[in-house]
Amino acid sequence: LNRRIQVQQQTTSQDAAGQELQTWATVYTCWASIDVQRSQLVYNTAEFASKSIVRITMRWTSSIVIAANMRILYTEPTTSVTHTYNVEAPVNTAQGNRELIVLCYELMVKE
């Protein structure tokens, strides 16, 4: 667990004109490990994109429920590159409330 991550949830707010704005708010920060499971090149809407499937392991906590509509951010400390992982499935290993494995994917559009 050597990577500092931020778990984010999408929120809705209104601007001065009364229009709804979709933003992301950090709801939890913790240490985790990030392991790439698979990477592939996919063709999507006339563009090629790299899709990486990752497994993020963190300690289980009762202070937040991680759901499939959330995302996880990780910023590499040496390069300042930010990775955005979309949560697919959180798994409480053996229902033991000790660790949480979050299966995610990251899409990067090739230009």
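This report describes selected strands, loops and side-chain contacts of the structure shown above. The model is predicted.

Strand 4, which spans residues 71–75, runs antiparallel to strand 5, and 5 bridges join the two. Within this pairing, isoleucine 72 has tyrosine 85 of strand 5 as its bridge partner.

## The salt bridge

The structure contains 1 salt bridge. Its partners are arginine 55 and aspartate 35, whose closest N and O atoms are 3.5 Å apart. Arginine 55 belongs to strand 3 (residues 47–59) and aspartate 35 to strand 2 (residues 20–44), so the bridge ties together parts that are 20 residues apart in sequence. How accessible are the two residues? Arginine 55 is partly exposed, with a relative accessibility of 30%. Aspartate 35 is also partly exposed, at 30% relative accessibility.

A disulfide is a covalent bond between the sulfur atoms of two cysteines. How many disulfides does a search of the whole structure find? The search finds 0.

## Aromatic rings

The count of aromatic pairs comes to 0. Tyrosine 105 does, however, have a charged neighbour: lysine 51 lies over the face of its ring, at 5.1 Å from the ring centre.

Tryptophan 60 is located in the loop between strand 3 and strand 4. Which residues does tryptophan 60 touch, leaving aside those up to four places away in sequence? They are Asn92, Asn97, Arg98, Glu99 and Leu100. The C-alpha atom of tryptophan 60 is separated by 8.8 Å from that of isoleucine 101, a residue 41 places away along the chain.

Asparagine 92 lies in strand 5, which covers residues 82–92. With residues up to four places away in sequence again left out, asparagine 92 touches Trp60, Asn97, Arg98, Glu99 and Leu100.

The loop between strand 5 and strand 6 (99–109) holds glutamine 95, and asparagine 97 is in the loop between these strands too. Glutamine 95 has a positive phi of about 50° although it is not a glycine. For asparagine 97, also a residue other than glycine, phi is positive and near 55°.

The table gives the accessibility of residues discussed in this section.

| Residue | Relative accessibility | Class |
|---|---|---|
| Tryptophan 60 | 31% | partly exposed |
| Asparagine 92 | 14% | buried |
| Glutamine 95 | 63% | exposed |
| Asparagine 97 | 39% | partly exposed |

Why does asparagine 92 count as buried? Its relative accessible area is 14%, and buried means under 20%. Glutamine 95, at 63% relative accessibility, counts as exposed because exposed means over 50%.

Key: Residues are numbered from 1 along each chain as its sequence is written. This is a predicted model: local features need pLDDT of at least 70, side-chain atom pairs count only at pLDDT 80 or more; totals for chains, interfaces and linings use all residues. Side-chain values use heavy atoms; hydrogens and water are left out. A disulfide is a pair of cysteine sulfur atoms within 2.5 Å. Rings of Phe, Tyr and Trp (its six-membered ring) pair if their centres lie within 6.5 Å; planes under 30 degrees apart count as stacked, over 60 as edge-to-face and the rest as tilted. A charge sits over a ring if NZ of Lys or CZ of Arg is within 6 Å of the ring centre and within 35 degrees of the ring normal. Helices (H or I, at least four residues) and strands (E, at least two) are DSSP runs, numbered from the N terminus. Buried means under 20% relative accessible area, exposed over 50%, partly exposed in between (1.4 Å probe, protein chains only). Contact means heavy atoms within 4.5 Å. A salt bridge is a side-chain nitrogen of Lys or Arg within 4 Å of a carboxyl oxygen of Asp or Glu. Two strands pair if DSSP finds at least two bridges between them.
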